[in-house]
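Here is a walk through one model, from its strands to its chain contacts. Keep the coordinates open as you read.

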Amino acid sequence: MKYAMVIDTLKCVGCSDCVVACQTENNVPIGYCRDWVTESVNGAYPHVEIELKSERCNQCDNAPCVRCCPTGASHKAEGGIVLVTADECIGCGACIASCPYDARYQHPDGYVDKCTFCAHRLKKGQNPACVSVCPTKCMYFGDIDDPTSKVSHLLASRKFKVLAPEAGTKPNVYYLI
Amino acid sequence: MQEEIFISGRNIPKIDPNLEVWHFPISLYLFLGGMAAGIIFFAALFTILKREKQVQTAIKPAMIIVLFALSIGLLALFYDLTHKLYVWRLYTTIRIESPMSWGAWVLLFVTIGSFLWVFSYFSEIFPKWEIKVKALKNLERFLIKNRRNLAIILLPLSLILGIYTGILLSAFNARPLWNNAILGPLFLISGLSTGAACIILFSKDHYERKLFSQIDLALIFIELALIVHMIMGMYAGSAVQLEALDILIGGDYTVMFFVFVIILGLIFPAILEGIELLGYKVPVIIPAVLILIGGLVFRMVMVEAGQLTRYLY
């Protein structure tokens with residue numbers, strides 16, 4: 001089993017509901033966020049394209065943060081999710097420097113924190129908070145190893161991209177374009 | 001034209017707008033670790049070659065400097081941790097793929113080895129102080145007898161420590177300026193050069209100063225060649241590496257890099273050491289101090305400029 005998130009950039013309106021839902025669900029400290037929305041503008045008038053993306057930790061298959069962690073606090077959990085064990089983390093910052101997506105931060109309590117794909121909700125059979133609140137339903141979550149899952153169907157039928165594939169991290173958050 | 005902005009608002013401390021997770025303490029630690037590795041390498045090498053008598057500064061006073069350098073370096077490293085109470089977790093595991101993990105272990109062994117080394121010379125350094133505890137006296141006798149074995153252990157460990165200070169940075173492929181394989185050997189050579197400069201600074205013996213001036217001169221040429229190699233390699237690299245190189249050449253850190261590292265830290269002291277070797281009198285303190293400052297600035301530039309570089313997507 002391998003969890004993946006598929007986000008339809010053509011349906012996203014950039015409302016930032018996913019960001020607020022995550023901050024509420026995971027009690028993220030004020031001034032920090034585990035997910036964020038970007039708007040990229042391509043081209044020049046009158047041929048301008050805008051792309052909206054809800055970004056977060058990509059739960060990479062080849063995760064540099066897990067590789068460089070000196071204590072093993074950053075580790076791969078069930079379903080390929082990258083988690084941080086707070087009481088094994090020394091707060092050295094190596095994983096933060098190693099992440100090409102800048103998806104990690106130092107929690108005010110000292111340890112490193114990041115998106116967990118809402119692992120606590122997955123255990124109860126629920127979707128991550130960001131996916132469940134999206135008003136345009138542009139986010140999909142599921143098992144990419146299961147060919148009958150919605151995420152597998154979407155990736156088989158639509159054009160998609162991942163962020164910074166040249167970094168070699170093999171990310172598991174896909175963007176439909 | 002391509003432009004990307006955060007529209008959900010994001011201003012995470014130490015991450016936005018530019019990564020600033022590692023600061024001066026890390027640069028200081030990399031500098032002191034490299035310099036200590038250099039001094040230990042020379043002390044161990046000349047002991048193995050049975051030429052201790054010719055390099056009295058390297059094996060005694062400079063090794064005391066090593067103890068201070070390693071202690072201050074470790075304190076700087078500890079100061080930079082944000083979850084300090086869990087620091088012991090470093091020593092409950094060894095993770096070969098994490099340079100910081102095996103580096104922490106090597107640092108521990110090198111620190112212990114250096115303390116034992118200095119202790120083996122305790123009676124020579126402090127002839128008036130007598131060790132009264134019998135166990136310590138026995139330990140000193142044992143260490144004096146096994147000094148050469150200690151040198152054989154410390155020699156490879158010092159090389160690993162020196163190269164580790166570079167690999168620590170080059171292992172991060174997310175930061176294109178750091179992510180080049182030459183950084184390990186470059187930091188090692190720079191560490192050996194600053195180690196030699198430190199020995200020159202404290203040596204009063206003419207032969208020893210001349211010997212280390214010659215060694216240092218050779219190391220500076222190798223270091224300059226490696227820097228050229230690094231720049232050439234990045235020029236032949238991908239878009240992210242070209243962008244990263246812009247910071248060093250024609251960007252925010254150009255003056256720091258070329259004036260303080262290349263000219264004042266390497267070329268100028270090399271000229272002064274060359275003039276001295278030709279027989280002219282040059283106050284030895286000038287090239288030695290310039291090399292040490294250049295070494296520290298080099299780490300500061302690499303640590304800070306590297307964090308400005310990233311993948312573009």
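Helices, of at least four residues, and strands, of at least two, are DSSP runs numbered from the N terminus. The model is a predicted one.

Strand E2 of chain A covers residues 36-44, and strand E3 of chain A covers residues 47-55. The two pair in the antiparallel sense, over nine bridges. One position to look at is A:Thr38, which stands opposite A:Lys53 in E3(A). Two residues make up the link of the hairpin that joins E2(A) to E3(A). From A:Tyr45 to A:Pro46 the peptide bond is cis, with omega near 5°.

Chain B has a cis bond to show as well. B:Asp16 and B:Pro17 are joined by a cis peptide bond, and omega is about -5°. B:Pro17 belongs to the loop between E1 and helix H1 (24-48) of chain B. As background, most peptide bonds are trans, and most residues other than glycine have a negative phi.

In chain A, A:Phe117 is not a glycine, yet its phi is positive, about 55°. The residue lies in the loop between strand E7 (112-113) and helix H4 (119-123) of chain A. Is A:Phe117 buried or exposed? The cut-off for buried is 20 or more other C-beta atoms within 10 Å. A:Phe117 has 27 other C-beta atoms within 10 Å, so it is buried.

A:Lys170 also has a positive phi, about 50°, although it is not a glycine. Its place is in the loop between E9 and E10 of chain A. A:Lys170 has 14 C-beta neighbours inside 10 Å, so it counts as partly exposed.

E9 and E10 belong to a sheet. Which strands form it, and in what order? Four strands of chain A make an open sheet, ordered E8-E1-E10-E9, with mixed pairing. Strands E8 (139-143) and E9 (160-161) of chain A stand at the edges. Each has a single partner strand, so one side of each is left without a neighbour in the sheet. In general, strands of a sheet pair through backbone hydrogen bonds, either parallel or antiparallel.

E9(A) and strand E10 (residues 173-176) of chain A run antiparallel, joined by two bridges. There, A:Phe160 has A:Leu176 in E10(A) as its bridge partner. A helix lies across this sheet. Helix H6 (residues 150-157) of chain A lies across strand E1 (3-8), E8, E9 and E10 of chain A. H6(A) runs at about 115° to E8(A).

Next, turn to the chain contacts. On chain B, 39 residues are in contact with 44 residues of chain A. Which elements of chain B give two or more residues to this side? They are strand E1 (2-6) and helix H4 (99-120) of chain B. E1(B) gives the most, with five residues. The residues on this side of chain B divide into 21 nonpolar, nine polar and nine charged.

One last stop is in chain B. B:Ile286 lies in helix H12 (residues 285-308) of chain B. B:Ile286 has 14 C-beta neighbours inside 10 Å, so it counts as partly exposed. B:Ile286 and B:Ile65 are 221 residues apart in sequence. In space they are 19 Å apart, C-alpha to C-alpha.

Notes: Residues numbered from 1 in each chain as written. Chains lettered and ligands numbered in written order. Predicted model: local features only at pLDDT ≥ 70, side-chain atom pairs only at ≥ 80, totals over all residues. Contact = placed C-beta atoms within 7 Å. Nonpolar A, V, L, I, M, F, W, Y, C, P; charged D, E, K, R; others polar. Buried ≥ 20, exposed ≤ 12 C-beta atoms within 10 Å, placed from the backbone. Pairing = 2+ DSSP bridges. Axes fitted to C-alpha atoms, helices over the stretch in contact; angles between N-to-C directions.
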